[in-house]
Amino acid sequence: MASETSPGRRRRRPLLTLFLLLILLGLGSVVIQRWVAPPITFLMVSRVVGGEGLAYRWRSLDAISPRLVQAVIASEDSTFCSHSGFDMKAIERALKANARAEKRGSGRIRGGSTISQQTAKNAFLWPGRDWIRKAMEAGYTVAIEAVWGKRRIMEVYLNVAEWAPGVYGAEAAARHWFGKSAADLSPREAARLAAILPSPRRYNASAPGPYVRRRASRIQAAMGTVREQGLAACVLG
């Protein structure tokens, strides 16, 4: 006579069902956001709950200056058009740099995330560095690379990135820092916006200090390389 299903197996079934449901919901949201502008993100909600305002203006990529695309590729991910979501060399460099920093006790953490990874995190996940979130970030990165493609990834990235406390997206950032539309950004302004991306709550794009000025100058020079070598061709054509 066949034995009955064990209690342990019965307990695992709801967990497996929940896991599969979360995967389906995640894939569904990726497919929907291939065409639909993302709603406010977990980060935005957490900031609003914390008492901040919310400036979030979605703009199509055609309404954002190509100079900003060049600037963020120059500063954040020069291999954006050639990788499939992950830059293994950048990750390896980050791990080595963090190991050296830990030995020195400096406490500075260097990231190796691509624009695709940052987009997956910003659009779908909560802030943090725990392993569960990192694993989900990797899954969403694979999904958006497969479903969205590079141009849509860049469009979402530029629209949900935080550029100042309570300020999200290129349009809101351009108006906040420079009083103009994202379509009208100059090369210097685009470079300054890219320069503050790693710490947008700390740095000022319109009246930058020495660090941001130096970083923006390097980014603006690197934008020439992006143009000359076609490093933004997958976005700008």
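Contact here means heavy atoms within 4.5 Å. Helices (H or I, at least four residues) and strands (E, at least two) are DSSP runs, numbered from the N terminus. This is a predicted model: local features need pLDDT of at least 70, side-chain atom pairs count only at pLDDT 80 or more, and totals for chains, interfaces and linings use all residues. Residues are numbered from 1 along each chain as its sequence is written, and side-chain values use heavy atoms, with hydrogens and water left out.

**Stop 1: helix α9.** Select residues 187-196. Eight of the ten residues in α9 are buried, where buried means under 20% relative accessible area, exposed over 50%, and partly exposed in between (1.4 Å probe, protein chains only). Among the buried ones are E189, R192 and L193. The buried residues of α9 pack against α3 (66-76), β2, α8 and α10 (210-228).

**Stop 2: L193.** Which residues does L193 contact, leaving aside neighbours within four places in sequence? They are L68, W163, A173, W177, F178, L185 and A205. L193 also belongs to the largest nonpolar core, which has 55 residues. A nonpolar core is a set of buried Ala, Val, Leu, Ile, Met, Phe, Trp, Tyr and Cys residues joined through side-chain atoms within 4.5 Å. The members that touch the most others are L68, V72, M154, L158, W163, W177 and L193.

**Stop 3: R215.** Move to helix α10 and select R215. R215 has a relative accessible area of 14%, so this residue is buried. Not counting residues up to four places away in sequence, R215 touches S75, E76, A194, A195 and P198.

**Stop 4: S181.** Select the loop between α8 (170-178) and α9, where S181 is found. S181 is buried because its relative accessibility is 17%. Its contacts, beyond residues up to four places away in sequence, are E171, A174 and R175.

**Stop 5: the sheet.** Three strands form an open sheet in the order β1-β3-β2, with mixed pairing; two strands pair if DSSP finds at least two bridges between them. β1 (55-56) and β2 (162-164) are at the edges with a single partner strand each, so one side of each has no neighbour in the sheet. β2 and β3 (residues 167-168) run antiparallel and are joined by two bridges. In β3, V167 is the bridge partner of A164.
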